[in-house]
Amino acid sequence: MKQQTMENVKTALVAGANGIIGENLIQYLAALPDWKIIGLSRRGGKGTEKISYISVDLLDMNDVEVKLAGLSQVTHVFYAAYQDRPTWAELVAPNLSMLTNLVEAIEKISPKLAHVSLMQGYKVYGAHLGPFKTPAKENDAGHMPPEFNVDQQDFLEAAQKGKHWSWSAIRPSVVGGIALGNPMNLAVAIAVYASISKEYNLPLRFPGKPGAYHSLLEMTDSELLAKATIWAATDEKCANQAFNINNGDLFRWNDMWPKIARYFGMEVAPPLQMSLTTIMADKEALWKNMIQKYSLAPHNYGELSSWTFSDFVFSWDYDMFADGSKARRFGFHEYVDTEEMFIKIFDSLKKRKVIP
């Protein structure tokens, strides 16, 4: 009986282990009984009985081969790593190379490899370029390159042909969760922005483009995303498929923003377009004072804020949502209320003394 249990244990290799997606995926896997988890990142991490970490540079194939040489038990690769670059074109080479290096190395090392899960996003649909067809569907026409998400999927499709492993591509919207030091952490940035605004005794103003205040959009809860990612990686019906994963509801900031302000006990003033990257750059000294004043955890101001990404999201003066019905047709029926998601994240940030 014990031997059978050991045979049923799956080993997950999570690339991008310290990101908002990877970190929450690891925590969800750790709560399941039949998984061992290995997290990959440049920073490494603190291991537990079920979780181990390897510090590796996925851009360096020699480092990958040396650091991962003993991972012959890996059954599932979950790829959520990301390298930022100044332009869309410059993103392609490093992000494609990291995935290629990892998959090619694990294919050689682990005969048990069963699945490779690729984390994508709505950039596949050209959502970052401007107004696009909504709701976006997984079989929508492609757009002019460069786009690393597309190149990564093309690589997986080609590499998988004739192999015993399968792939899946998971496409969330903006992910809501907590992972400090992450460049794509909108909810934490909103919480810090609100906290600083309140410290100045200011109302909470929406800082984005006027049109963005009224456009439709959606988000993807990090725990919901983790559940969907594991589902797609372990259900045979999902082999070699792409899935949009979203909370299941739509919202406009003109409705959500006053609710966020109410949570923080603040008034709302009319939107005022401003670059958070610019206006929040000089607030580190204030934040240090707030840490002392409110006995907050001593997090570095720079690791809390993701102002560039926030500016990007708040610039969407067009609808930003996709059709999530394919996942439901294939058997995934989880959903999350987005307002409740924000409240849950803010409550957690307060409990952890990240914000007052």
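Ring pairs link Tyr-193, Phe-206, Tyr-213, Phe-251, Trp-253, Trp-257, Tyr-263, Phe-264, Phe-314, Phe-342 and Phe-346 into a cluster; two rings of Phe, Tyr or Trp (its six-membered ring) count as a pair if their centres lie within 6.5 Å. The model is predicted, and local features need pLDDT of at least 70, side-chain atom pairs count only at pLDDT 80 or more, and totals for chains, interfaces and linings use all residues. Residues are numbered from 1 along each chain as its sequence is written, and side-chain values use heavy atoms, with hydrogens and water left out.

## Aromatic rings

The structure holds 24 aromatic pairs. A pair of aromatic rings is described by the distance of the centres and the angle of the planes, and planes under 30 degrees apart count as stacked, over 60 as edge-to-face and the rest as tilted. The table gives two of the pairs.

| Pair | Centre to centre | Angle between the planes | Class |
|---|---|---|---|
| Phe-206 and Tyr-213 | 5.0 Å | 40° | tilted |
| Trp-287 and Tyr-301 | 6.4 Å | 45° | tilted |

The pair of Trp-287 and Tyr-301 links distant parts of the chain, since Trp-287 belongs to helix H10 (residues 284–294) and Tyr-301 to helix H11 (residues 301–304), 14 residues apart. Helices (H or I, at least four residues) and strands (E, at least two) are DSSP runs, numbered from the N terminus. Both Trp-287 and Tyr-301 are buried, as are Phe-206 and Tyr-213; here buried means under 20% relative accessible area, exposed means over 50%, and partly exposed is in between (1.4 Å probe, protein chains only).

A charged side chain also meets a ring: Lys-326 lies over the face of Phe-243, at 5.0 Å from the ring centre. For this, NZ of Lys or CZ of Arg has to be within 6 Å of the ring centre and within 35 degrees of the ring normal.

## Nonpolar cores

In the largest nonpolar core, which has 74 residues, Trp-253, Trp-257 and Trp-287 touch the most other members. Such a core is a set of buried Ala, Val, Leu, Ile, Met, Phe, Trp, Tyr and Cys residues joined through side-chain atoms within 4.5 Å. Helix H6 (residues 186–199) gives the most to this core, with 10 residues.

Which residues does Trp-253 touch, not counting residues up to four places away in sequence? Among them are Leu-186, Ile-190, Phe-206, Tyr-213, Phe-314 and Phe-342, where contact means heavy atoms within 4.5 Å. A second, separate core of 31 residues includes Ile-54, Val-74, Ala-159 and Trp-165.

## Parallel strands

Strand S5 (residues 115–119) is largely enclosed by the rest of the structure, because 5 of its 5 residues are buried.

Strand S4 (residues 76–79) runs parallel to S5 and is joined to S5 by 4 bridges; two strands pair if DSSP finds at least two bridges between them. Val-77 has Val-116 in S5 as its bridge partner. From S4 the chain crosses through helix H4 (residues 88–109) to S5, in a β-α-β crossover that is right-handed, a term that applies if, with the strands pointing away from the viewer, the path from the first strand over the helix to the second runs clockwise.

S5 is also joined by 5 bridges to strand S6 (residues 166–172), and these two run parallel. The bridge partner of Leu-118 in S6 is Ala-169. The chain passes from S5 through helix H5 (residues 148–160) to S6, and this β-α-β crossover is likewise right-handed.

Another 5 bridges join S6 to S9, again running parallel, and Ala-169 stands opposite Ala-242 in S9. S9 is largely enclosed by the rest of the structure, because 4 of its 5 residues are buried.

## Backbone details in the loops

A cis peptide bond joins Thr-134 and Pro-135, with omega about -5°, and Pro-135 lies in the loop between S5 and H5. The peptide bond from Pro-145 to Pro-146 is cis too, with omega near 15°, and Pro-146 is likewise placed in the loop between S5 and H5.

Asn-240, in the loop between helix H7 (222–234) and strand S9 (241–245), has a phi near 60°, a positive value in a residue other than glycine. Is Asn-240 exposed or partly exposed? At 30% relative accessibility, Asn-240 counts as partly exposed. Ser-295, in the loop between H10 and H11, has a positive phi of about 55° although it is not a glycine, and at 53% relative accessibility Ser-295 counts as exposed.
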